[in-house]
Number of protein chains: 2
Amino acid sequence: METVLTYIDKNRERFLSELFDFIRIPSVSAKTDNGETMQKCALFVRQALLNAGADTAQVLQTNGWPVVYAEKIIDPAKPTVLVYGHYDVQPAEPLELWTTPPFEPEIRDGKIFARGADDDKGQLFMHVKAFEYMVSEGLLPCNVKFIVEGEEEIGSASLEAFCKENAALLKADVILVSDTSMISLASPTLTTGLRGLAYFEVELSGQNRDLHSGLFGGAVLNPCNVLCGVIDKLIDENGRITIPGFYDSVQEVSAEERKQLNSVDFNEKAFFKGIGLENGRGETGYTTIERIGIRPTLDVNGIWGGYTDEGAKTVLPAKAFAKISTRLVPHQTPEQISAKLKSYMQKLIPEGFSVKVEYLHGGTPYVLPFDSKEMEAAVMAMEKSFGKKPLPVRSGGSIPVISVFEKVLGIKAVLMGFGLESDAIHAPDENYPLENFFKGIETIPWFYHFYVK
Amino acid sequence: METVLTYIDKNRERFLSELFDFIRIPSVSAKTDNGETMQKCALFVRQALLNAGADTAQVLQTNGWPVVYAEKIIDPAKPTVLVYGHYDVQPAEPLELWTTPPFEPEIRDGKIFARGADDDKGQLFMHVKAFEYMVSEGLLPCNVKFIVEGEEEIGSASLEAFCKENAALLKADVILVSDTSMISLASPTLTTGLRGLAYFEVELSGQNRDLHSGLFGGAVLNPCNVLCGVIDKLIDENGRITIPGFYDSVQEVSAEERKQLNSVDFNEKAFFKGIGLENGRGETGYTTIERIGIRPTLDVNGIWGGYTDEGAKTVLPAKAFAKISTRLVPHQTPEQISAKLKSYMQKLIPEGFSVKVEYLHGGTPYVLPFDSKEMEAAVMAMEKSFGKKPLPVRSGGSIPVISVFEKVLGIKAVLMGFGLESDAIHAPDENYPLENFFKGIETIPWFYHFYVK
C-alpha cells in the first residue's frame, strides 16, 4: 500500500477531471421530474466502477431512483467489504448565494466548490479511485462490492426494500462509508454514532380562503400567526423540546463517554466564528459537542404562508406551512416521535383550525463502539495515513440507511468520513478541500489492509 | 335622472364588454417589471374617459406608475366633483386556487369573476359609465374631474407628491370614491371611516449562512424558530397587540357610536360561515363589527424561510422573513407605529441575532361624519336607488390616499362603495355581482343631483 501516494501523484489531474464530470450532473433527488438526470448520473457511476476494475456493474431499478451495484470477487473464501455511497445531492437553492454556479465545479483556495463536492460525490469518488489503485497495482486483499444509491438526501425510501430483495447479492462482512466529517486533518476523528431523523411537513388551515386583511383582520385568527405560536411552543426556554414523551426513550450517555467526547480537539470558538456567531445556544446542561452529538433536536427547515413575493399584499392567508424535523438519538425511533408530534400538534391548535402533519422520511439512530473489530481497522488506517491516532466523535447528522443495513444485512458499518464542518454541505458554496479528497484516497486502501489482516 | 335605468338596459352588453377589456390588462402594481402593462392600462382608462365625454384626458407621469387625469368643465361657477379610483390590482397569486384564470373575466351565478372585478376596476367603471350617461343625456349638473391612479394596492406612494404639484388642476369641492363595500343590496350602507395601514417587511438573521441541520442543529438558534417566537409575542392571549405604546393614540369610540355601529343588519353567523368558520376570534371586549371597524390589528401577511420547495431539505436557514401589517384607527399614524414596532422588534430578538424592519407603505385612518353635507348627498342618492336609507359603517380596509386628499386638497371624500364582503377582493376568485355593478351606475348620477341641489 506504500505506493498509493505515487499513484495519486501520477493520476491527480485525471481523478479531478473525472470527479468534475460526475459533479456536473445535477442529480437532485428531491425534484420529482429529475428522472433523466438521475438515470444519467447512475450510468456515470456504473461506468466509473467498470473503468476502475469492477467485474460487473449494473444500474438496478427500485421504487424510486435507481441503485448502482458493482462487484469484484477475487476469492469467495476471503472477506467482502461493501462500500456504500450516494450519487444524489441536496437541492442547490438558494442559487443567488453561490459564488459560482453549483453544478460547475471550480477550485478556489485549494478547495472544490460545487453541490456534491463533499456530500457525497467527492467522498464516494475517493472509494472509486482507491479501488482503482488497488486493482491496477494488484493489491486488492479481499472482495469488494459497491452499492451507490440515489435517494440518500430524501431519506433512502426505496433502499430497505432493495436490500431485503437483494440480501444475497449484498452479502458482505462490513460496510465502509465515507459520508461524514472529521474535526480536521490535524485532528482526525472517526464517527462512532449518527443521529436519527424524523422529517415532517405541517399544513395549518384556518378559514376556507385567503381574506382581505382590512375587511377581516381582527375578527379571525391568522394561520400564519397561529403557526408561529404553535412552533414557538415546541421548544422551551431551556432549549428542551416540549412534545410530551419526547425524551422517554433517550439513552443517557455515561459520564465517562461524555468526558471522552468532550476531550477531542474541538475549537468551539472557531466553530461558531466560522458561521458568524460569538457563541451557541442550545439545551441547558450540555456542551456544544454534546448538543450536536448525543442530544435530540427540533428545527424548522422551512416555513411559508401568505404573500412572499416582491412588494406588499394585504392578505390574511387561509393556510400556513412548515417543514419541521427532529434529530433523534438512541433509542428514539421516527415512528414514536411521529405519533407524539402529531398528537401534540392537534392539542396546540385553536378551535376551528385543522392541522395535517405528514411524515416525509426519517431514520433510526446508529452507534458503533470504538473498540469493535470493524472500527479498529479504520483507526489503524487513519493512524497510518495521518500519523496520529484518530479520536471518536458522534455525528449530529443522519444517514438513515446505516441502521437499515444493520437490521437487514446484519453487519456493521464503519463511518470513515473525510469532510470538514466548513464544507457547507446542504448549503450554498458547498466545498471539499483537495487535501481531504486525496487523503481519503490514501487512507482507504489501508482500511482494506488492516481489516483483512 | 329617471332615465338612467333605460340607459343601462340599452347599453348593458357594451358596458360589460368594455369592462372586460379593462380587466384583461393584468395591471398588478406590485410587480416592478410591469411597466408596459401599467402604461397600457392607463391609456385604456384615458380612452374610456374620452369616449364617455371628457373634454380632455391625459396620462401623467409620476415617480411611480402613471396617473390618469380627465375633466369636463361645464361652468366654472358650478361645483366640481373629483372622482377617484385606481386601475391597478393586487397580485393574483396563488394562481392555482382560481376557478378560471384571474385576467380572463367570466360570468358565473350572476357575478363577474376576475382580479379587479370589484377592486377597483368594476367600481371605477361604474363612474365612467354614469358619467357617460349624464353627458350623453345632457344631465350633468356640475363639473367633473377624474383622478385614476396605478399605485393604490402598493400604498399610493407617488400620489401625495402628485397632488401637491397638481393642486390647482385637482381643485374640487368633494371627492367621490367607490372602493369600499356595503352590507348587502337589501341593507345598503355607507362607509364613514377607514382604517389606516402600516406595512412592514421583516428580515431576521442568525448565523452567516445556511447550515446542515444535523451537524449544527441543537447548538445554534434557528432563525425560523426565533421568528416564530418573535411573532407569537406580538399579540397576547386577549387579542391585544403587545407593542409598547401601540394603543396610546387610539381614540376610544363613544358608547353611542358603538351602539349605532352594532345596529346595522350584520349577519355575523353568515359572515363567518361564508369563510368556513363557526365563529370569530379577536380582541376581548369588542364585537366582530367593532374588531373590523374601530380597532387596530396586526397580521402576518406573509412568512418565509428555509426550504419551501417539494420534498425535504435538512437545512438550518441563515435567515427568516415576514411581511407584517397593522391596521390603524384614529389617531394612530403609520410613522408612530413604525417607530414603535422597530424598537420592540430589536428588544424581542436574542443576542447575536439581527433584525431589519423595513416600512413598505401605509396610510392614516380617515373619518367622515354621517351628518356632513357631503355624506348627506350620498345618503339621499342611495335612498333614491335602493328605496331605503343606508346605515353608517366603518370599513376595516384602508385607502391611504383618502387622508392624503384631505390633507393636501383640503376637501372631504365620500366613500360610496358597492362591493360586498363576499367579493373576495385581494383573494382568489375575486368577483363582483352584476346587480351591484348596475346598481352603482344607477346610484351615482343621483349623488351629483343631490350634491348640486
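**Close-up views of a predicted two-chain model**

**View 1. Helix α3 of chain A and the glycine that follows.** After α3(A) comes Gly138(A), a residue with a positive phi, near 70°. Keep in mind that the whole model is predicted. The helix itself covers residues 121–136 of chain A, which makes 16 residues. From its first C-alpha to its last, α3(A) reaches 22 Å, close to the 22 Å expected at 1.5 Å a residue. Is this helix mostly covered or mostly exposed? Mostly covered: 14 of the 16 residues of α3(A) are buried.

View 2. Look next at where they touch. Of the interface residues of chain A, 100% are also interface residues in chain B, so the copies meet through the same surface.

**View 3. The side of chain A that touches chain B.** How many residues of chain A are in contact with chain B? There are 81, and they meet 81 residues of chain B. Among the elements of chain A that give two or more residues to this side are α5, α8 (288–291), β13 (319–328) and β14 (354–363). The element that gives the most is β11(A), with nine residues. Sorted by class, the residues on this side of chain A are 31 nonpolar, 32 polar and 18 charged.

**View 4. Where helix α5 of chain A meets helix α6 of chain B.** Each of these helices spans residues 223–232 of its own chain. Their axes come within 8 Å and cross at roughly 115°, and the crossing of α5(A) past α6(B) is left-handed. From α5(A), the contact uses Asn225(A), Cys228(A), Gly229(A), Ile231(A) and Asp232(A). From α6(B), the partners are Asn225(B), Cys228(B), Gly229(B), Ile231(B) and Asp232(B). By class, this contact has four nonpolar, four polar and two charged residues.

View 5. The buried ones are Pro223(B), Cys224(B), Asn225(B), Val226(B), Leu227(B), Cys228(B), Val230(B) and Ile231(B).

Methods. Residues numbered from 1 in each chain as written. Chains lettered and ligands numbered in written order. Predicted model: local features only at pLDDT ≥ 70, side-chain atom pairs only at ≥ 80, totals over all residues. Contact = placed C-beta atoms within 7 Å. Axes fitted to C-alpha atoms, helices over the stretch in contact; angles between N-to-C directions. Helix = DSSP H or I, 4+ residues; strand = E, 2+ residues; numbered from the N terminus. Left-handed = near helix turned anticlockwise from the far one by under 90°. Nonpolar A, V, L, I, M, F, W, Y, C, P; charged D, E, K, R; others polar. Expected span 1.5 Å × (residues − 1). Buried ≥ 20, exposed ≤ 12 C-beta atoms within 10 Å, placed from the backbone.
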